[in-house]
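Try each task before reading its solution.

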Amino acid sequence: MFKKFPFALISATILVTSINHQSTALAGTCASNCGSRPLQFTPGQGIKLEVINNTKNLVELERIQGTRPIRLQPQQKLQFTQQEGSQPNLSLVFWDNTGAPLQAVVSKPNFATLRVEFRPTWRYPGDRSLYILNDGRINIF
């Protein structure tokens with residue numbers, strides 16, 4: 001009986017330590033859990049930008065710095081068309097009129113449309129700008 005005691009003690013120790021350290025991760029391929037692909041358009045492609053205000057407040061946005069802000073009422077939707085090659089980069093700066101933080105949720109409902117939905121968020125300061133680079137990538141800051 002005493003010969004089996006060290007074996008049982010070692011087994012119990014391994015079992016207890018493996019239960020307490022559940023943060024160990026197993027390596028896997030990207031196909032197992034790689035998440036969604038980043039949103040991107042073909043460089044030089046004409047893009048229709050669709051902006052939707054899904055907040056209860058007035059949201060203002062500027063497409064080009066120095067122009068007058070465009071006011072977007074709650075639940076209002078606007079569309080902008082970017083001509084091929086006319087603007088290499090597109091930037092959009094936005095803010096809630098009351099100073100509340102916003103979350104910009106981007107999606108690609110079809111081949112040539114970029115949809116940006118403004119939603120309220122608890123994260124401060126929230127999202128404030130969208131930048132479409134000339135290589136087709138989209139960044140939210």
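A hairpin joins E6 to E7 through two residues. The model is predicted: local features need pLDDT of at least 70, side-chain atom pairs count only at pLDDT 80 or more, and totals for chains, interfaces and linings use all residues. Residues are numbered from 1 along each chain as its sequence is written, and side-chain values use heavy atoms, without hydrogens and water.

**Exercise 1.** Find how many bridges join E6 to E7.

Solution. Strands (E, at least two residues) are DSSP runs numbered from the N terminus. Locate E6 at residues 102-110 and E7 at residues 113-120. The two run antiparallel, and seven bridges join them. Within the pair, Ser 107 stands opposite Arg 115 in E7.

**Exercise 2.** Work out the strand order of the open sheet with five strands.

Solution. Two strands pair if DSSP finds at least two bridges between them. The order is E3-E2-E5-E8-E9, with antiparallel pairing. E3 (70-72) and E9 (138-140) are the edge strands, each pairing on one side only. From one strand to the next, the twist averages 20 degrees (axes are lines fitted to C-alpha atoms; angles run from 0 to 180 degrees between N-to-C directions). Inside this order, four bridges join E5 (residues 90-96) to E8 (residues 129-132). There Val 93 stands opposite Ser 129.

**Exercise 3.** Decide whether Leu 49 is buried or exposed.

Solution. Leu 49 is found in E1 (residues 47-53). Buried means under 20% relative accessible area, exposed over 50%, partly exposed in between (1.4 Å probe, protein chains only). Leu 49 has 2% relative accessibility, so it counts as buried. Its contacts (heavy atoms within 4.5 Å) include Leu 78, Phe 80 and Leu 130, not counting residues up to four places away in sequence. Leu 49 and Leu 78 are 29 residues apart in sequence and 8.2 Å apart in space, C-alpha to C-alpha.
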